[in-house]
Amino acid sequence: MSFAVLAAGLLSISGYVLYLGFLSYNGYCFGQKRYLSNEEKILIVVREILARYPKQGNVAYRLTIEDGQRKWKPERLGPENPIPYRDEKEFFSINPGCCEVVKVARDTEGLINLPFLDRLFGFKSDFVVVRYFLRYRDVDGTEQKKLIQTAPVISSCGKTGDVFD
């Protein structure tokens, strides 16, 4: 009798741990007791872009390989006079269809998957791919645009970062 109770208990605990792992791996935020929607994830990333734009509007991050390690390095894009977006509404109207939430991103060398353990523990849930125009004035004062693409990772609870951190 006691062996059956012990086995049932271990089976129940194992099932519960697997269930929690399944939830976390699929993006469940235990801190907020819910899944963040794709729209929420996109809005978090766009707000971050707008918060650093135009202060860092002339900088993007490019994937490089140094000493065999992949790293995102800042790269000067050139414009000295970036034109800021007024708000999120203007950002989305100028950049329709700009954003998507994906599990696998593409870089110049192929596909990038999120590390299994990072997904399992919710540290990195998705990539948020954002393609937007960096607007600026050239030396003649004429408005110019340069298409930028970035793909930060986002945790199950909405914290952004780099896939290689």
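Biologist: Of the 165 residues in the chain, what percentage counts as buried?

Modeller: The buried share is 36% of the 165 residues. Buried means under 20% relative accessible area, exposed means over 50%, and partly exposed covers the range in between, with a 1.4 Å probe and protein chains only. This is a predicted model, in which local features need pLDDT of at least 70 and side-chain atom pairs count only at pLDDT 80 or more, while totals for chains, interfaces and linings use all residues. Residues are numbered from 1 along each chain as its sequence is written, and side-chain values use heavy atoms, with hydrogens and water left out.

Biologist: What does the secondary structure of the chain come to?

Modeller: The chain has 4 helices and 12 strands. Helices (H or I, at least four residues) and strands (E, at least two) are DSSP runs, numbered from the N terminus.

Biologist: And what share of the contacts joins residues 24 or more positions apart?

Modeller: Among contacts with a separation of 6 or more, 59% are between residues 24 or more positions apart. A contact means heavy atoms within 4.5 Å.

Biologist: Let us turn to the nonpolar side. Which residues of the largest nonpolar core touch the most other members?

Modeller: They are Phe91, Val128, Val130 and Tyr132, in a core of 17 residues. Elements that each supply at least two residues of this core are α2, β6 (99-102) and β9. Helix α2 gives the largest share, 5 residues. Another core, of 9 residues, lies apart from it, and includes Val102, Ile112, Ala151 and Val153. A nonpolar core is a set of buried Ala, Val, Leu, Ile, Met, Phe, Trp, Tyr and Cys residues joined through side-chain atoms within 4.5 Å.

Biologist: What does Tyr132 touch, residues up to four places away in sequence aside?

Modeller: Its contacts beyond that range are Ile49, Arg52, Tyr53, Tyr85, Phe91, Asn95, Lys146, Leu147, Ile148 and Thr150. Tyr132 also belongs to one aromatic cluster with Tyr85, Phe91 and Phe92.

Biologist: How many aromatic pairs are there?

Modeller: The count comes to 6 aromatic pairs. One of them is Tyr28 with Tyr35, which is edge-to-face because the ring centres lie 5.2 Å apart and the planes stand at 75°. Tyr85 and Phe91 also form an edge-to-face pair, at 5.0 Å centre to centre and 65° between the planes. Rings of Phe, Tyr and Trp (its six-membered ring) pair if their centres lie within 6.5 Å; planes under 30 degrees apart count as stacked, over 60 as edge-to-face and the rest as tilted.

Biologist: Is Tyr28 buried or exposed? And Tyr35, is it exposed or partly exposed?

Modeller: Tyr28 is buried at 18% relative accessible area, whereas Tyr35 is partly exposed at 39%. In the other pair, Tyr85 is buried at 8%, and Phe91 is buried at 0%.

Biologist: Which charged end sits over the ring of Tyr85?

Modeller: That of Arg135, 4.3 Å from the ring centre. Lys145 likewise lies over the face of Phe133, at 5.0 Å from the ring centre. A charge sits over a ring if NZ of Lys or CZ of Arg is within 6 Å of the ring centre and within 35 degrees of the ring normal.

Biologist: New topic: how many salt bridges does the structure hold?

Modeller: It holds 8 salt bridges, each being a side-chain nitrogen of Lys or Arg within 4 Å of a carboxyl oxygen of Asp or Glu. One of them joins Asp126 and Lys41 at 2.4 Å, N to O. Asp126 in strand β9 (residues 126-137) and Lys41 in helix α2 (residues 38-52) are 85 residues apart, so this pair links distant parts of the chain. Both Asp126 and Lys41 are buried.

Biologist: What separates the closest N and O atoms of Glu90 and Arg86?

Modeller: In that salt bridge they are 3.4 Å apart. Glu90 is buried at 11%, while Arg86 is exposed at 70%. Elsewhere, salt bridges with shared partners join Lys41, Lys103 and Asp126 into one network.
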